Amino acid sequence: MGLLDSIFDKDKDKEKKKADFSNVRSGGSSTAPEAHPADVAGAGTAPDRRTYTVKSGDTLSKIAQREYGNAGDWRKIYEANKDSIKNPDLIYPGQTFIIP
């Protein structure tokens with residue numbers, strides 16, 4: 001067996017040892033806390049039409065932190081719910097807001 005034959009044999013070995021990813025499925029993961037059905041009234045609806053029912057102790061900032069990962073995004077929730085939020089510093093348990 002010559003030098004060229006041994007080089008080509010190594011290439012064949014590499015082909016045989018390639019990883020098989022045929023059983024890998026797409027998906028994702030998140031470090032965000034799981035939403036509970038009681039927290040998200042619109043679960044199962046269009047992704048841009050989620051809702052959240054306010055609990056005691058909630059603020060728009062706390063809801064934004066939970067939903068977007070950034071408390072500073074509270075204005076998104078306020079803008080989407082201006083008709084039911086007269087003062088963004090005063091929200092009440094039982095109110096249901098659209099989460100855009």
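## Contacts along the chain

Let's begin with how the chain meets itself: among contacts between residues at least 6 apart in sequence, 44% join residues at least 24 apart. Keep in mind as you look around that this is a predicted model.

The protein chain has three helices and two strands. Of the 100 residues in the chain, 20% count as buried. The accessible surface of the protein chain is about 7,900 Å², and carbon and sulfur atoms account for 53% of that surface.

## The nonpolar core

Which residues make up the largest nonpolar core? There are eleven of them: Tyr52, Val54, Leu60, Ile63, Ala64, Ile77, Tyr78, Ile85, Ile91, Phe97 and Ile99. Helix 2 (60–68), helix 3 and strand 2 (96–99) are the elements that give two or more residues to this core. Helix 2 provides the largest share, three residues.

Ile63 lies in helix 2, and its relative accessibility is 0%, so Ile63 counts as buried. Setting aside neighbours within four places in sequence, Ile63 is in contact with Tyr52, Val54, Asp58, Ile77, Ile91, Phe97 and Ile99. Take Tyr52 from that list: Ile63 and Tyr52 are eleven residues apart in sequence, and their C-alpha atoms are 8.4 Å apart in space.

Now try Ile91, another member of the core. Again leaving out neighbours within four places in sequence, the contacts of Ile91 are Val54, Asp58, Thr59, Leu60, Ile63, Ile85 and Phe97.

## Aromatic rings

How many aromatic pairs does a search of the whole structure find? The search finds one. The pair is formed by Trp74 and Tyr78, whose ring centres are 6.2 Å apart and whose planes meet at 50°, so the pair is tilted.

The charged end of Lys76 sits over the ring of Tyr68, at 4.7 Å from the ring centre.

## Salt bridges

The structure holds four salt bridges. One of them joins the side chains of Glu67 and Arg50, with an N to O distance of 2.7 Å. This pair links distant parts of the chain: Glu67 is in helix 2 and Arg50 is in strand 1 (residues 50–53), 17 residues apart. Arg50 counts as partly exposed, at 27% relative accessibility.

A salt bridge also connects Asp58 with Arg66, and here the closest N and O atoms are 3.1 Å apart. In yet another salt bridge, the side chains of Lys82 and Glu79 meet at 3.2 Å, N to O. Lys82 is partly exposed, with a relative accessible area of 45%, and Glu79 is partly exposed with a value of 45%.

## A buried residue in a loop

Where does Asn81 lie? Asn81 is in the loop between helix 3 and strand 2. The relative accessibility of Asn81 is 3%, so Asn81 counts as buried.

Which residues does Asn81 touch, leaving aside neighbours within four places in sequence? Asn81 is in contact with Thr96, Phe97 and Ile98.

Key:
Residues numbered from 1 in each chain as written. Predicted model: local features only at pLDDT ≥ 70, side-chain atom pairs only at ≥ 80, totals over all residues. Heavy atoms only, no water. Helix = DSSP H or I, 4+ residues; strand = E, 2+ residues; numbered from the N terminus. Buried < 20%, exposed > 50% of the residue type's maximum accessible area, 1.4 Å probe, protein only. Contact = heavy atoms within 4.5 Å. Areas by Shrake-Rupley, 256 points an atom, 1.4 Å probe, with all protein chains shown as cover. Phe/Tyr/Trp six-rings, centres within 6.5 Å; stacked < 30°, edge-to-face > 60°. Lys NZ or Arg CZ within 6 Å of the ring centre and 35° of its normal. Core = buried A, V, L, I, M, F, W, Y, C linked by side-chain atoms within 4.5 Å.
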